[in-house]
Amino acid sequence: MIKIQTVSFSKDATFTSKEDEAAIQLKENLQEELASYPDAKGTIYIMTSIRIFGQKRNDIDMLVMGFIDNLTLKNVNTKNYDVVRELDVKSFICNIELKSHSANNVKREGPDYIVSYSGVPHNASQQCNEAKFSLFNHLNGQLYIKPFICDVLWFNGLSKTDLSYMRGSVIDNALHRGFKFRDLVNVILQQANVMKIDSNRFCLDSFSDGENEYKSIVDLFTEERKPQGLTKQKFELLSQKNTDVEKLLTDAGNKLTIVTGRAGTGKTVQLLQLAFLLANEDYANRCLILTYNNALVSDIKRLIDYTPMPSKVDGRTVSIKTIHSFFTTLMNEVGISTKKLNPTNKTYDADYNEALKLLYDFIEKECKKEDIDALKEMAESTVDWDYVLIDEAQDFTDLEKKILFKVYGANRLVVADGVDQFMRVGNRQIWERGVEKTLVRKPKTMELERSRKQISFHS
């Protein structure tokens, strides 16, 4: 018989996630049909809430993969041989993007499915495709393997009738609430080629190195990973309760929030702790941390690796980018050329400032509030942030500050200002300049200086 195992990587044990509930439902659906193949042997894994890093999408809703012997389906449609009389299902691997929307919040536009979150449309097909390639790149980077991964959109809020009405006679990668094993295979066969064994017999096999490849993926995701050494110390520090941060939380969203202090007094730690509070289940915000420090970006990405923080474009998350990366992305989104912006060029600073001036002129002179809202909607993964938290804020230029004020509003910014820290260029940025004093939250410097010395997050 075929054994079906569910594995959840959700780190919050206090509740069952929608992905976990869907995995239980899927297991029951598959078991019901596979019971009619008593001679088949093997294992199917259903893994939920997988986190991967260094990719465009860091969260995989569901990974379904199987390695099976002696399971043959009759008369199935295939991509490269049309209808085949007998198909041996040997192995497969699928990224499944889970959507729980009701029928009135899902529509089909051309080849894509569009879902609505609080009235805002999101391209579910694009999200699914991005997750598939992120998973592929992760496996290639970690294990040096390249399995053929299929992408599947599972609308478990839609009945078979709902989905059929929506797409008509078109065959695509979407599945309805109660889909069975053969339905899943049919979707796979629209994407993956099958191998011909003889005139009547064919085989579906997604792993070039067979069971070894399959087991290596299982081991990659199921072996426990824990932070070690300095990373562990930083992770524990980040997890500590901080009353100063909880005070900052009360003003975030209402005022420009400024955290001041000398080097080593814990400003970066406070920013990170605040970002994770703002993005937890209670507040569910999308938070972006900006810094000039490339080493800090790598450091924080490693820490996020060990947290349960999701990274979806349509939900709560904490992300970190360098200042130049963020503004260059914003330039691209509004159509300002960045071809000249090569950090290895001696003229990079001048080229960057020239492009930044064009960006400011466009944002300030051409964009109304509704234009900025539309930009965030179109570029949700790169621009649509609820809060922007800025480390080493004293180094920002006037143009960078003004653009952030215009796009996000001063009340959605939290800045950490090092009162005695090294300045890279120009004059120290005064963030409260131009903002009404009643709209500024600036704790006394001594509040931070009384804090005990923190582990440095800077190289």
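The legends below accompany an overview and several close-up views of a predicted model.

**Figure 1. Overview of the predicted protein, with its 14 helices and 19 strands.** Of the 459 residues in the protein, 52% are buried. The protein exposes about 22,100 Å², and carbon and sulfur atoms supply 48% of that area. When contacts between residues at least 6 apart in sequence are considered, 74% of them join residues at least 24 apart. The structure also holds 15 salt bridges, and some of these are shown in the views that follow.

**Figure 2. Close-up of the salt bridge between K90 and D69.** The closest N and O atoms of K90 and D69 are 2.5 Å apart. This pair links distant parts of the chain, for K90 sits in the loop between strand 5 (82-89) and strand 6 (91-99), whereas D69 belongs to strand 3 (residues 59-69), and the two residues are 21 residues apart. K90 has a relative accessibility of 25% and therefore counts as partly exposed. D69, with a relative accessibility of 38%, likewise counts as partly exposed.

**Figure 3. Close-up of E86 and R201, whose side chains meet in a salt bridge.** The N to O distance in this salt bridge is 2.4 Å. Because E86 lies in strand 5 and R201 in strand 13 (residues 201-204), the pair ties together parts of the protein that are 115 residues apart in sequence. E86 is partly exposed at 22% relative accessibility, and R201 is also partly exposed, at 26% relative accessibility.

Figure 4. K215 is partly exposed, its relative accessible area being 46%, and E211 counts as partly exposed at 39% relative accessibility.

**Figure 5. Close-up of a salt-bridge network that includes E86 and R201.** Through salt bridges that share partners, K74, E86, D88 and R201 are joined into one network. Within this group, the E86 and R201 side chains meet at 2.4 Å, N to O.

**Figure 6. Close-up of D151 and the residues that it touches.** D151 is found in strand 10 (residues 150-155). What is the relative accessible area of D151, and is the residue buried or exposed? The relative accessible area of D151 is 9%, which means that the residue is buried, since the cut-off for a buried residue is under 20%. Leaving aside residues up to four places away in sequence, D151 touches N95, C128, N129, K132, N173, V187 and Q191.

**Figure 7. Close-up of the crossing between helix 7 and helix 8.** Two packed helices are described by the angle between their axes and by the distance between the axes. For helix 7 (residues 243-251) and helix 8 (residues 267-278), the axes come within 9 Å and cross at roughly 55 degrees. With that angle, helix 7 is oblique to helix 8. The crossing in which helix 7 passes helix 8 is right-handed. Which residues meet where the two helices are in contact? On the side of helix 7 they are D244, V245, E246, L248 and L249, and these meet Q270, Q273, L274, L277 and L278 in helix 8.

Technical notes: Residues numbered from 1 in each chain as written. Predicted model: local features only at pLDDT ≥ 70, side-chain atom pairs only at ≥ 80, totals over all residues. Heavy atoms only, no water. Salt bridge = Lys/Arg side-chain N within 4 Å of Asp/Glu carboxyl O. Helix = DSSP H or I, 4+ residues; strand = E, 2+ residues; numbered from the N terminus. Buried < 20%, exposed > 50% of the residue type's maximum accessible area, 1.4 Å probe, protein only. Contact = heavy atoms within 4.5 Å. Areas by Shrake-Rupley, 256 points an atom, 1.4 Å probe, with all protein chains shown as cover. Axes fitted to C-alpha atoms, helices over the stretch in contact; angles between N-to-C directions. Parallel < 35°, antiparallel > 145°, perpendicular 65-115°, else oblique. Left-handed = near helix turned anticlockwise from the far one by under 90°.
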